[in-house]
Amino acid sequence: MLYLAFESSCDETAVAVVSSPDGSDEFTVLSSEIASQIDVHAKFGGVVPEIASRAHIEAISALTYKALADAGVTAADIDRVAVTTEPGLIGALLVGVNFAKSFAYSNGKPVLGVNHIKGHVAANYLNGRIKTPFIAFVASGGHTSIIKADSYTDFETVGRTLDDAVGEAFDKIGRRMGLSYPCGAEMDRLAAQGDPKAFKMPPVHMKDGSFNFSLSGLKTHVINLLNTAEMRGESVNIADVCASVTAVICDSVVYQLGQCLKRYRVDTLLAAGGVLANSHLRAALTSFCNKKGVDLHIPPLSLCGDNGVMIAAAAKYEYEKGLVSDMSLDGRPSSKDDWKSY
Ligand code: KG4
Ligand code: ZN
């Protein structure tokens with residue numbers, strides 16, 4: 001079966017053509033196009049929703065033809081269309097949803113709406129069958145969630161951030177230090193040169209027995225630290241700040257995931273999302289899972305950020321369950337609790 005998948009929930013327009021036989025766990029990525037808007041938004045220090053919507057409109061048509069051409073297929077060859085419907089910037093989502101519906105309608109193909117977070121998790125499905133149930137951790141610029149998955153299609157959120165997402169915290173702290181948006185990758189590089197024990201940072205996990213996070217306290221703490229130093233005319237070693245922030249985030253994430261795996265007696269962990277490109281977080285999770293005998297899956301760097309391949313992978317298992325959307329498919333800024341986006 002040939003999937004054409006669209007992703008436009010934030011600042012990347014992505015289109016992929018992926019082949020996967022029904023009933024198998026085999027995937028062949030025939031093309032994966034990504035038009036990033038980072039340069040456009042960098043001068044504003046963050047994503048400007050209206051500009052994002054316009055940039056998606058400008059990119060999506062040519063990107064789709066490129067994805068088909070690079071895959072060596074035509075519109076008629078596509079069997080199923082998939083598109084991110086939620087959560088995300090509503091104007092941005094609507095570009096992908098309406099383009100996908102138009103493509104599906106005009107070519108007589110079925111269309112399925114996919115939850116973006118389910119998509120991030122599904123980036124892990126490309127490496128072969130993963131045992132269920134599993135715990136999944138998704139961290140990106142807009143989302144931070146812990147999920148209990150009973151199957152590839154049955155998800156339940158068991159923990160989330162109560163305020164900022166992990167990527168958002170990296171971006172906001174980095175911005176205060178004068179780094180350019182998005183700041184996660186730069187903070188990752190600087191953290192490797194700093195001392196993780198230089199500054200004591202507040203943990204970002206909730207201490208109420210839940211699996212939730214709160215990152216706004218860490219953000220405020222760092223901003224106060226930098227403001228105080230500035231007022232006193234003292235210099236702050238930015239690499240040390242990056243290392244200390246990264247260390248406390250890694251510690252809290254590992255702690256919450258450890259508690260969650262224990263609570264649900266699960267020994268398989270999937271991690272995904274743009275923040276999982278972080279070398280320190282990847283190392284912390286790998287070391288924890290090796291020690292505890294947990295089977296850990298993290299996508300390759302190329303599939304951590306937003307892409308169309310992950311949307312195709314998530315859609316495949318929903319289609320195979322017989323789930324399909326119709327032309328009433330719409331975008332939604334936040335997820336429904338039942339995880340159904342069709
Ligand atoms: O998944 P993604 O591409 O888009 C969203 O769905 O938000 O994630 C983007 C986020 C940004 O906040 C960015 O700063 C962060 O991922 N990020 C990183 C790294 N690379 C990207 N955060 C920490 N370390 C990195 N190496
Ligand atoms: Zn994402």
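Helix α5 (residues 166–176) packs against helix α7 (residues 216–232) at an angle of about 5°, with the two axes 10 Å apart. The pair is therefore roughly parallel, a label given to angles under 35 degrees, whereas those over 145 count as roughly antiparallel. Axes are lines fitted to C-alpha atoms, for helices over the stretch in contact, and angles run from 0 to 180 degrees between N-to-C directions. Helices (H or I, at least four residues) and strands (E, at least two) are DSSP runs, numbered from the N terminus.

The model is predicted: local features need pLDDT of at least 70 and side-chain atom pairs count only at pLDDT 80 or more, while totals for chains, interfaces and linings use all residues. Residues are numbered from 1 along each chain as its sequence is written, chains are lettered from A and ligands numbered from 1 in the order in which they are written, and side-chain values use heavy atoms, with hydrogens and water left out.

Helix α5 also packs against α8, at an angle of about 170° with axes 12 Å apart; this makes the two roughly antiparallel.

| Helix pair | Angle | Distance between axes |
|---|---|---|
| α5 and α7 | about 5° | 10 Å |
| α5 and α8 | about 170° | 12 Å |

The contact of α5 with α8 (heavy atoms within 4.5 Å) is formed by V166, F170 and I173 of α5 and V245, T246 and I249 of α8. Its residues comprise five nonpolar, one polar and no charged; Ala, Val, Leu, Ile, Met, Phe, Trp, Tyr, Cys and Pro count as nonpolar, Asp, Glu, Lys and Arg as charged, and the others, Gly among them, as polar.

Helix α6 (residues 184–191) has M187, D188, L190 and A191 as its buried residues, buried meaning under 20% relative accessible area with a 1.4 Å probe and protein chains only. Their cover includes α5, α8 (238–264) and α9 (279–292).

G159, in strand β8 (residues 155–160), counts as buried at 1% relative accessibility. Beyond its neighbours within four places in sequence, G159 contacts T144, S145, I146, F211 and N212.

H116 and H120 are both buried and lie four residues apart in helix α4 (residues 116–122), about one turn of the helix.

Methods. Buried < 20%, exposed > 50% of the residue type's maximum accessible area, 1.4 Å probe, protein only. Parallel < 35°, antiparallel > 145°, perpendicular 65-115°, else oblique.
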